[in-house]
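Please go through this structure with me by question and answer. Begin with the ligands and then turn to the sheet.

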Amino acid sequence: MLVSSSSSAVLRRQLFLIRCLGGGVGQSYKKIRRVNCSSMVAMEADAEHVIRKITPLLDPTRHKGQAGKVAVIGGCREYTGAPYFAAISALKIGADLSHVFCTKDAAAVIKSYSPELIVHPVLEESYNIRDDEKESVSAKVLAEVVKWMERFDCLVVGPGLGRDPFLLDCVSNILRHARQSNVPMVIDGDGLFLVTNNLDLVSGYSLAVLTPNVNEYKRLIEKVLNCEVDNDDASLQLLSLARSIGGVTILRKGKSDLISDGEIVKSVSMFGSPRRCGGQGDILSGSVAVFSSWARQHVSSTKESADCNSQNPMVLGSVAGSALVRNAASLAFANNKRATLTTDIIECLGAR
Ligand SMILES: NC(=O)C1=CN([C@@H]2O[C@H](COP(=O)(O)OP(=O)(O)OC[C@H]3O[C@@H](n4cnc5c(N)ncnc54)[C@H](O)[C@@H]3O)[C@@H](O)[C@H]2O)[C@@H](O)CC1
Ligand SMILES: Nc1ncnc2c1ncn2[C@@H]1O[C@H](COP(=O)(O)OP(=O)(O)OP(=O)(O)O)[C@@H](O)[C@H]1O
Ligand SMILES: [Mg+2]
C-alpha cells in the first residue's frame with residue numbers, strides 16, 4: 001500500500017503519542033497535553049475502500065439471516081421514532097432481519113410505522129408496576145430477550161429508551177447477558193446515559209461501540225477523564241477515553257466523526273448535511289450495527305484484513321456506518337434543502 005510522506009508523518013506522531021499514553025490513562029492524557037504543544041491529528045479513513053471490502057456480495061446461494069440480524073433495545077412512551085429509525089435503517093442498509101424490544105405502549109405505534117420490523121412489547125416502566133412485582137417482572141423481561149439473544153449479530157441499545165430507573169435496571173441485565181454471550185453492541189442515546197453511570201457494563205468489552213453526540217460525549221469525558229472536552233486535541237482525548245474504558249470503540253459524532261478503539265484514531269470528514277434535525281444519530285446506530293457485523297464476518301473469513309488499516313471490526317464498521325450516513329444525508333439535502341428530515345435521509349441510504 002502506498003502511504004504519502006505527510007500521512008506517514010501523521011501516523012508516526014500518532015504512534016509516538018499512543019506510546020506516551022501507556023497504562024495510567026487519565027493522568028497520562030493530562031500530562032501529555034501539558035508537555036506537548038502540537039496536537040495529535042486523526043488520519044482520514046479510506047471509507048470507500050472499507051465499505052467495498054466488508055459489504056457482502058448479493059449472492060443467490062445465501063439464505064435469510066446471513067446478511068445480518070439486528071435488534072434495537074429502545075422505544076418508550078415518549079420516543080417511538082428513534083427505535084424505528086435505527087431498526088429500519090439497519091434493514092435499508094442490507095440486514096435481513098430487524099427486531100425492536102420496547103415497552104408495551106410503544107410497540108403498537110412502532111409496528112404501525114412498518115410491517116418490516118419484528119416488534120417485541122417486553123420492556124416495562126416503573127409507573128406500570130408495583131414495587132412487590134419488580135423482581136419477577138425484571139426476571140421475565142430478561143427471559144423474553146434472552147430467548148432471542150444468540151440469534152442476533154448485533155444489538156443497538158438506547159435509541160428512544162428513556163431514563164426510567166426500573167427499565168434501565170432491566171436493560172443493564174440484558175447488557176450483562178449479551179456480553180457473556182459475546183454479542184456485539186452499539187450503545188447510543190439513553191443507553192449512553194446508562195453506561196456513563198455504570199461503566200462496568202461495557203468496560204473492557206471490545207465488541208462494544210459507543211456513539212456519543214455532543215452532550216453524551218461531554219458527560220463521558222467528565223465522568224471518565226474527570227476534565228472538560230478538549231477540542232484543541234480532540235483525537236488524543238478520544239484515544240485516551242477509549243483506552244480508559246478498556247478498548248471499547250467510540251464514535252464521536254460531529255462536524256467530522258472521530259473514531260477510536262484506544263489503539264488508533266480515524267476521522268470521517270466527508271460532507272454530510274447542514275441540517276441537524278433529530279433522528280440522524282439513530283440512523284447511524286443502526287448503520288454501525290450492520291457494518292460491524294459485516295466487518296466481523298469479513299475479518300474472520302479472510303487473512304487480508306491488514307489492508308483495511310485496522311483489523312478491529314468495530315472500527316471498520318464505525319468508519320463504514322459513518323461514511324454511508326453522511327453520504328445519504330448529503331444526497332437528501334441536495335434534494336430537499338432545509339426541508340430535509342430524517343425519513344428523507346433513510347430513503348437515500350441505498351443510493352450510492
Ligand atoms: N423521534 C424520536 O423519537 C427521537 C428520539 N430521540 C431520543 O431522545 C432521547 C434523548 O436524546 P437526546 O439526543 O435529546 O439527548 P441529550 O442528552 O442530547 O438530551 C437533550 C436534553 O434533554 C435533557 N434530558 C433528557 N432527558 C432528561 C432527563 N430524564 N432528566 C433530565 N434531563 C434530561 C438533557 O440534559 C439535554 O439537555 C434518546 O433516547 C434519543 O434516542 C432522539 O434520537 C431524536 C429523535
Ligand atoms: N456539524 C455537523 N456537520 C455534519 N454532520 C454532522 C454534524 N454533527 C453531526 N453530524 C452527523 O449527523 C449524524 C448524527 O449526529 P448527531 O450529533 O446529530 O447525533 P444525535 O444528536 O445523537 O442525533 P439524534 O437526534 O438521532 O439523537 C452523524 O452521522 C454525524 O456524522
Ligand atoms: Mg442520539
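Q: Which residue has a polar side-chain atom 2.7 Å from an oxygen atom of ligand 2?
A: This is a predicted model, in which local features need pLDDT of at least 70, side-chain atom pairs count only at pLDDT 80 or more, and totals for chains, interfaces and linings use all residues. Residues are numbered from 1 along each chain as its sequence is written, chains are lettered from A and ligands numbered from 1 in the order in which they are written, and side-chain values use heavy atoms, with hydrogens and water left out. The residue that places a polar side-chain atom 2.7 Å from an oxygen atom of ligand 2 is Asp-257.

Q: Which helix gives the most to the shell around ligand 2?
A: Helices here are DSSP runs of H or I with at least four residues, strands are runs of E with at least two, and both are numbered from the N terminus. Helix 11 (280-301) and helix 12 (313-336) each supply at least two residues of this shell. With three residues, the one that gives the most is helix 11.

Q: Which residue has a polar backbone atom 2.9 Å from an oxygen atom of ligand 1?
A: A nitrogen atom of ligand 1 is 3.3 Å from an N or O atom in the side chain of Arg-163. A polar backbone atom of Gly-81 is 3.2 Å from an oxygen atom of ligand 1. The backbone atom at 2.9 Å belongs to Gly-160.

Q: How much of the accessible area of ligand 1 does the protein cover?
A: Taken on its own, ligand 1 has 830 Å² of accessible area. The protein covers 55%.

Q: Which strands are the edge strands of the sheet?
A: Two strands pair if DSSP finds at least two bridges between them. Ten strands form an open sheet with mixed pairing, in the order 1-10-9-8-7-6-5-2-3-4. Those that pair on one side only are strand 1 (43-44) and strand 4 (118-123).

Q: Which residue of strand 6 stands opposite Leu-155?
A: Strands of a sheet pair through backbone hydrogen bonds, either parallel or antiparallel. Strand 5 (residues 154-157) and strand 6 (residues 185-187) pair in the parallel sense over three bridges. Opposite Leu-155, strand 6 has Met-185.

How values were computed:
Polar contact = N/O pair within 3.5 Å; in protein donor to acceptor, adjacent residues only side chain to side chain. Areas by Shrake-Rupley, 256 points an atom, 1.4 Å probe, with all protein chains shown as cover.
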